[in-house]
Amino acid sequence: MAEIRDGIDELDRRIVALLGERMRYIEAAARVKQDRDVVRDEWRKADVIDKAAQAAEDHDFPPALVREIYEVLVEGSIAHEFVKFDQLGEAGE
Ligand SMILES: C=C(O[C@@H]1C=C(C(=O)O)C=C[C@H]1O)C(=O)O
């Protein structure tokens, strides 16, 4: 059991490292977007979640669970992007 948990812990470290890398792209999007109205893009949110669900099927992981995880991830990313976007605006004022 200890070996199994060590394997899970190691994978979790790698998953979170990748999530950090993903968030750096969200921050880059905040720098590129010119208008606060385009920070939230519902079409792109649906596109990201559909692609993640497809990837889940390819990797034998429940797609419905990936949809739930990505709903939280993308909403959290949008919230983070708004914070960064607003900070950039304040810095430029
Ligand atoms: C990064 C973007 O901004 C937001 C964050 C998204 C994400 O976490 O993938 C998707 C849509 C956007 O509302 C984007 O528009 O691509």
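How are α1 and α3 oriented to each other? They are oblique to each other, a class for angles that are not under 35 degrees (roughly parallel), not over 145 (roughly antiparallel) and not 65 to 115 (roughly perpendicular). Helices here are DSSP runs of H or I with at least four residues, numbered from the N terminus.

The structure is a predicted model, in which local features need pLDDT of at least 70, side-chain atom pairs count only at pLDDT 80 or more, and totals for chains, interfaces and linings use all residues. Residues are numbered from 1 along each chain as its sequence is written. The protein chain averages a pLDDT of 97, and 100% of the residues score at least 70; pLDDT is the predictor's confidence in each residue, from 0 to 100. The model has an ipTM of 0.98 and a pTM of 0.95.

Two packed helices are described by the angle between their axes and the distance between the axes. For α1 and α3 the angle is about 45 degrees and the axes are 8 Å apart. Axes are lines fitted to C-alpha atoms, for helices over the stretch in contact, and angles run from 0 to 180 degrees between N-to-C directions. The crossing of α1 and α3 is right-handed, that is, the near helix is turned clockwise from the far one by less than a right angle. From α1, Met 23, Ile 26, Glu 27, Ala 29, Ala 30 and Arg 31 meet Ser 77, His 80, Glu 81, Lys 84, Phe 85 and Leu 88 of α3. Contact requires C-beta atoms, placed from the backbone, to lie within 7 Å.

α3 also packs with α2, at an angle of about 145 degrees and with axes 9 Å apart. This crossing of α2 and α3 is right-handed. Among the residues that make the contact are Val 48 and Ala 52 of α2 and Tyr 70 and Val 74 of α3. By class, the contact of α2 with α3 has nine nonpolar, no polar and four charged residues; Ala, Val, Leu, Ile, Met, Phe, Trp, Tyr, Cys and Pro count as nonpolar, Asp, Glu, Lys and Arg as charged, and the others, Gly among them, as polar.

Notes:
Helix = DSSP H or I, 4+ residues; strand = E, 2+ residues; numbered from the N terminus. Contact = placed C-beta atoms within 7 Å.
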